[in-house]
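I'd like to walk you through one structure today, so let's get it up on the screen.

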Amino acid sequence: MVATALRTRTRDPRIILNAVQGRVPHLVTEVGVEDLWEREVRLLLRDSVAVRSLAERILGQGIAYLITAMENPGVDMGVGYNVDIGVHQLILDTPLYFALCEEYNGGRYKHHAPLIERRRDGTVMRTAELLRENGFNVDEELWSVDASDCSPCDNKVPDSH
């Protein structure tokens, strides 16, 4: 009898983000935060999210989405409004975003080319399932609240998400 052991792999967005810190060449370190995770959470709190626990959830799902998009080029994906806040936070911090692209997208810049019209075709929940298949925990509440309102990127732009 042959026994097959199943390994469960759960990827931690906080660990992933902090692991690229050495690859961020222009990181401003004298801002009173201990790591990249804390930096991005505080930026979310400063600009768009009022509650720390929600900022952490949004950031974690934004990281999971970007890494999954980078590791699965050409796969149709999209997020709803809430997770998109975390995605945009990461993209706006360009030195950090470039480091993520270097690490997870083969050194190539992953374009962000959003469409104007939102899609209402189930893309959000299919994307959540892709994240799960890629080893991330999915925050069901954040994904399902926007399940029918996807903000996808234009597939005509090479290597975009």
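This is a predicted model: local features need pLDDT of at least 70, side-chain atom pairs count only at pLDDT 80 or more; totals for chains, interfaces and linings use all residues.

If you read along from the N terminus, the order is α-α-α-β-α-α-α-α-β. There are 161 residues, and 45% of them count as buried. Now look at the contacts between residues at least 6 apart in sequence: 70% of those join residues at least 24 apart.

In soluble globular proteins, nonpolar side chains tend to be buried together. Here, the largest nonpolar core holds 39 residues, and L17, L59, I63, Y65, L96, L100 and W143 are the ones with the most contacts inside it. Who contributes? At least two residues each come from α1 (13–19), α2 (36–47), α3 (52–71), α4 (81–92), α5 (94–104), α6 (123–133) and α7 (140–144). The top contributor is α3, which puts in 10 residues.

Let me zoom in on W143. Which residues does W143 touch, once we skip its neighbours within four places in sequence? The list is Q61, Y65, G78, V79, V83, V124, M125, T127, A128, L131 and V138.

Next, the helix pair. I picked α2 and α4, whose axes come within 10 Å and cross at roughly 115 degrees. The crossing of α2 past α4 is right-handed. On the α2 side, the contact uses E40, L43 and L44, and on the α4 side I85, Q89 and L90. Sort those by class and you get four nonpolar residues, one polar and one charged.

Take K110, which sits in the loop between α5 and α6. Is K110 buried or exposed? Its relative accessible area is 1%, so K110 is buried. And where does that side chain go? The K110 side chain reaches the backbone oxygen of A69, at 3.2 Å.

The other one is T123, over in helix α6. T123 counts as buried because its relative accessibility is 1%, where the cut-off for buried is under 20%. What does the T123 side chain make a polar contact with? That would be the side chain of R126, at 3.2 Å.

Notes:
Residues are numbered from 1 along each chain as its sequence is written. Side-chain values use heavy atoms; hydrogens and water are left out. A nonpolar core is a set of buried Ala, Val, Leu, Ile, Met, Phe, Trp, Tyr and Cys residues joined through side-chain atoms within 4.5 Å. Buried means under 20% relative accessible area, exposed over 50%, partly exposed in between (1.4 Å probe, protein chains only). Helices (H or I, at least four residues) and strands (E, at least two) are DSSP runs, numbered from the N terminus. Contact means heavy atoms within 4.5 Å. Axes are lines fitted to C-alpha atoms, for helices over the stretch in contact, and angles run from 0 to 180 degrees between N-to-C directions. A crossing is left-handed if the near helix is turned anticlockwise from the far one by less than a right angle, and right-handed if clockwise. Ala, Val, Leu, Ile, Met, Phe, Trp, Tyr, Cys and Pro count as nonpolar, Asp, Glu, Lys and Arg as charged, and the others, Gly among them, as polar. A polar contact is a pair of N or O atoms within 3.5 Å; within protein, one must be able to donate a hydrogen and the other to accept it, and residues adjacent in sequence count only if both atoms are side-chain atoms.
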